[in-house]
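Please walk through this structure with the model open beside the text. The paragraphs below take a few residues and helices in turn.

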Amino acid sequence: MMRQQVLDELWDFSDPLGSEQRFRRYLTESQLSASERAEIETQLARSLGLQGRFDEARDLLGGVQSDQAVVQVRLALETGRVTNSAGIPADSVPSFEVAAALAAEHGLDFLRVDALHMLAIVQPADAARWTQQGLAVIAAARGGTEDLARLARWRVSLLNNLGWSLHDAAKHTAALEAFNQALAAAEEVGSPQQLFNARWAVARQLRELGQNEEAQEIQQSLAAQDPHASYVQEELQELAKIFDR
């Protein structure tokens with residue numbers, strides 16, 4: 001079974017082509033068991049899907065062969081993700097449900113929460129239910145310190161995604177509450193990027209609620225931290241338009 005930390009180091013979700021190249025090199029240069037190779041192939045397929053190369057991704061996933069539970073879970077997860085990325089989220093639901101159930105059966109908490117977070121994304125009307133299930137898995141988890149720390153970071157993603165589901169449903173007060181919970185989780189267990197993004201989401205929702213001065217203060221702080229973050233600059237421009245009226 002591949003360590004999640006190894007996969008994290010190979011992934012750069014902002015650069016799926018670079019990730020594809022790293023996965024291909026890893027397959028070529030590393031001594032891997034058949035199960036480990038199959039896991040890497042599922043991640044390679046994910047990188048292809050993120051590039052819009054859906055047929056290639058499906059062909060690769062169709063050739064993955066393993067009776068290992070972790071591979072079967074990853075196979076279901078990435079099949080669902082490719083389907084969702086191809087623009088048919090409703091068709092991805094069965095794959096994510098299979099992934100969640102298999103992961104629960106075999107005690108693969110990290111992958112179980114991953115599947116639940118994807119269900120919350122593709123079924124926004126049920127996002128709160130899936131989010132609560134994911135948070136419950138995290139709260140009940142037992143294991144090594146490193147594994148628990150990585151699992152705990154899912155709290156940030158789950159709550160952030162819930163916030164956006166509520167935002168899209170025009171439930172803006174509830175969305176702000178979810179984003180504030182995500183920010184609290186990011187401050188406690190999140191990565192620096194998760195913390196940055198959580199602050200941005202809170203400010204974005206404050207603008208939605210007309211709390212523009214507070215939103216501007218947060219965005220200006222983020223711009224000072226990273227002047228090249230385009231989404232921060234875009235928000236500052238929107239806020240400037242409001243204050244110029």
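Leaving aside its neighbours within four places in sequence, which residues is His167 in contact with? This is a predicted model, and in it His167 is in contact with His172, Ala175, Arg204, Gln205 and Glu208. His167 itself belongs to helix 10, which covers residues 154-168. Its relative accessibility is 12%, and the cut-off for a buried residue is under 20%, so His167 counts as buried.

The loop between helix 10 and helix 11 (172-189) holds Ala170. The phi angle of Ala170 is near 65 degrees, a positive value in a residue other than glycine. Ala170 has a relative accessible area of 53% and is therefore exposed, the cut-off being over 50%.

Helix 12 (192-208) is the place of Leu206. Is Leu206 buried or exposed? With 3% relative accessibility, Leu206 counts as buried. Neighbours within four places in sequence aside, Leu206 is in contact with Leu176, Gln211, Glu214, Ala215 and Ile218. Two of these partners, Ala215 and Ile218, are listed among the buried residues of helix 13.

Two packed helices are described by the angle between their axes and the distance between the axes. The crossing of helix 13 past helix 14 is left-handed. On the side of helix 13, the contact is made by Asn212, Glu213, Ala215, Gln216, Gln219, Gln220, Leu222 and Ala223. Helix 14 contributes Val232, Gln233, Glu235, Leu236, Leu239, Ile242 and Phe243. By type, the residues of this contact divide into eight nonpolar, five polar and two charged.

An α-helix has 3.6 residues a turn, so residues three or four places apart point the same way. The buried residues of helix 13 pack against helix 12 and helix 14. On the face turned away from the buried side, helix 13 carries the exposed residues Glu213, Glu217, Ala224 and Gln225.

The next stop is another helix. Helix 2 (residues 16-29) also has its span given: it has 14 residues and reaches 20 Å from its first C-alpha to its last, close to the 20 Å expected at 1.5 Å a residue. Which helices do the buried residues of helix 2 pack against? They pack against helix 1 (4-10) and helix 3 (34-50). The buried residues of helix 2 are Pro16, Gly18, Ser19, Glu20, Phe23 and Leu27.

Three residues remain, each with a separation across the model. Pro89 is in helix 6, residues 89-105. With a relative accessible area of 32%, Pro89 is partly exposed. Not counting residues up to four places away in sequence, Pro89 touches Asn84 and Val122. From C-alpha to C-alpha, Pro89 lies 27 Å from Val202, and the two are 113 residues apart in sequence. Pro89 is also separated by 29 Å from the C-alpha atom of Leu206, 117 residues apart along the chain.

Ala128 is in helix 8, which runs over residues 127-140. Its relative accessible area of 44% makes Ala128 partly exposed. The C-alpha atoms of Ala128 and Leu44 are separated by 31 Å, and these residues are 84 apart along the chain.

Ala141 lies in the loop between helix 8 and helix 9 (145-152). Ala141 counts as buried, at 8% relative accessibility. Residues up to four places away in sequence not counted, Ala141 touches Asp109, Leu148 and Leu151. Ala141 and Ser30 are 111 residues apart in sequence, with 31 Å between their C-alpha atoms.

Note on methods
Residues numbered from 1 in each chain as written. Predicted model: local features only at pLDDT ≥ 70, side-chain atom pairs only at ≥ 80, totals over all residues. Heavy atoms only, no water. Helix = DSSP H or I, 4+ residues; strand = E, 2+ residues; numbered from the N terminus. Buried < 20%, exposed > 50% of the residue type's maximum accessible area, 1.4 Å probe, protein only. Contact = heavy atoms within 4.5 Å. Left-handed = near helix turned anticlockwise from the far one by under 90°. Nonpolar A, V, L, I, M, F, W, Y, C, P; charged D, E, K, R; others polar. Expected span 1.5 Å × (residues − 1).
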